[in-house]
Amino acid sequence: MSDFLIIGGGVIGMMTSLQLADAGQSVTLVERGTCGKEASWAGGGIVSPLYPWRYAPPVSQLSRWSEGVYPTLALRLLEETGIDPEYRQKGLLYLNVDDDDAALGWARQLGKPLERVDAAFVHQKEPQAAAPEGNALWMPTLGSVRNPRLGQALRARLAAMPGVTLVEQCAVSGFIKHEGRVAGVATSQGDRRAERLVVCGGAWTAQLLAELGVQLPVRPVKGQMIAYQAPPGLVQRVILKDGRYVIPRSDGLILVGSTLEEAGFDKTTDAEALASLKKSAEGIVPALAKLPVAHHWAGLRPGSPEGLPFIGALPGWPNVYVNAGHYRNGLVLAPASTHVLVDQLLGREALIDPTPFQPTAKRLTA
């Protein structure tokens, strides 16, 4: 029997497992499909909320902490697994920002480099970018990671760690309860037991916890994205305009996203979203109009009230914990949010105040 049973093999579940294993704990991670193949795979990989100044301070604190972790994490995983998460820190250009005064005020308060720039500056940084029609901003420190490869690297590292048992293609069908505690889970591959359980089920977390009588306000929010295969170097850095973005990869792949759709657990793609994303892409980088769309996909984000994740022990179940509800920022917040939880699990001094993220009775009924 393991010290910890982690339910859900996305980036949150895998980073939780990695931190616990690094601390000498035995971990079993159970994933109903293949690790890293849901929202962690489907996103874009920007290591920041799209407009960070528009978020509540607790989310900003998590994102700032995580931003500092990713360069080292990517290097570690490359050295340990040979898989490169392709962390790139080339900055972000914001085009057409209508609340730039608020953005600059936020940046000055935090000591974050952010400046207002003109069309000539945008053209110098990204010659293929459309000229801004309004105010433009430049954040030179922003990075991005190739999230599918990050997932592959995390999975490979966990599979090689002697204290980790990785169980895939294993659906959880219920909880095993004993004397007011949860002793484990029933799965398609038999029962799995542990001293403590952590539910990291992303958009499916509320479904999992309903059996325990916990009504977690986390819901699926569909996001569709497309990608072009362009010549390497056509775009060098992330460009954001009117809520949509382009993200370049080192091999010329350019991601474009994303839609926000309340469609339940439906992950189908459609022509309307494709046309809308193409229009946004060509409005940011006009040269993309000459290229065919190479990929079109959808993923399900775990939406939550105000995008504030639930991190901590569940009321009424002292040995069951949750880490879910990151909405659009699961990958952005993963290093910090998992650290917040692991500090609690191991009784360590908290590096980040966990209070705003606790799944209190008040937050569960919001």
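This is a predicted model: local features need pLDDT of at least 70, side-chain atom pairs count only at pLDDT 80 or more; totals for chains, interfaces and linings use all residues.

Side chains of opposite charge can pair when their charged atoms come close.

- Glutamate 67 and lysine 112 form a salt bridge, with 2.8 Å between the closest N and O atoms.
- Glutamate 67 sits in helix α3 (residues 57-81) and lysine 112 in the loop between α4 (100-110) and β4 (115-117), so this pair ties together parts that are 45 residues apart in sequence.
- Both glutamate 67 and lysine 112 are buried.

**A pair with more open partners**
- Aspartate 101 and arginine 116 meet through their side chains in a salt bridge, at 2.9 Å from N to O.
- Because aspartate 101 belongs to helix α4 and arginine 116 to strand β4, the pair ties together parts that are 15 residues apart in sequence.
- Aspartate 101 counts as exposed, at 59% relative accessibility, while arginine 116 is partly exposed at 42%.

**A helix-to-loop pair**
- Arginine 155 has a salt bridge to glutamate 168, and their closest N and O atoms are 2.6 Å apart.
- This one links distant parts of the chain, 13 residues apart: arginine 155 is in helix α6 (residues 147-160), and glutamate 168 is in the loop between β6 (164-167) and β7 (172-178).
- Arginine 155 is partly exposed at 32% relative accessibility, whereas glutamate 168 is buried, with a relative accessible area of 17%.

**Strand β11 and its partners**
- In a regular strand the side chains alternate between the two faces of the sheet.
- Along strand β11 (residues 238-241), Val238 and Leu240 point one way and Ile239 and Lys241 the other way, and all are buried.
- Strand β3 (residues 92-95) pairs with β11 in the parallel sense, over four bridges; leucine 95 has lysine 241 in β11 as its bridge partner.
- With strand β12 (residues 244-248), β11 pairs in the antiparallel sense over three bridges. Here leucine 240 has tyrosine 245 in β12 as its bridge partner.
- β11 and β12 make a hairpin with two residues between them, and aspartate 242 in the turn has a positive phi of about 55°.

Notes: Residues are numbered from 1 along each chain as its sequence is written. Side-chain values use heavy atoms; hydrogens and water are left out. A salt bridge is a side-chain nitrogen of Lys or Arg within 4 Å of a carboxyl oxygen of Asp or Glu. Buried means under 20% relative accessible area, exposed over 50%, partly exposed in between (1.4 Å probe, protein chains only). Two strands pair if DSSP finds at least two bridges between them.
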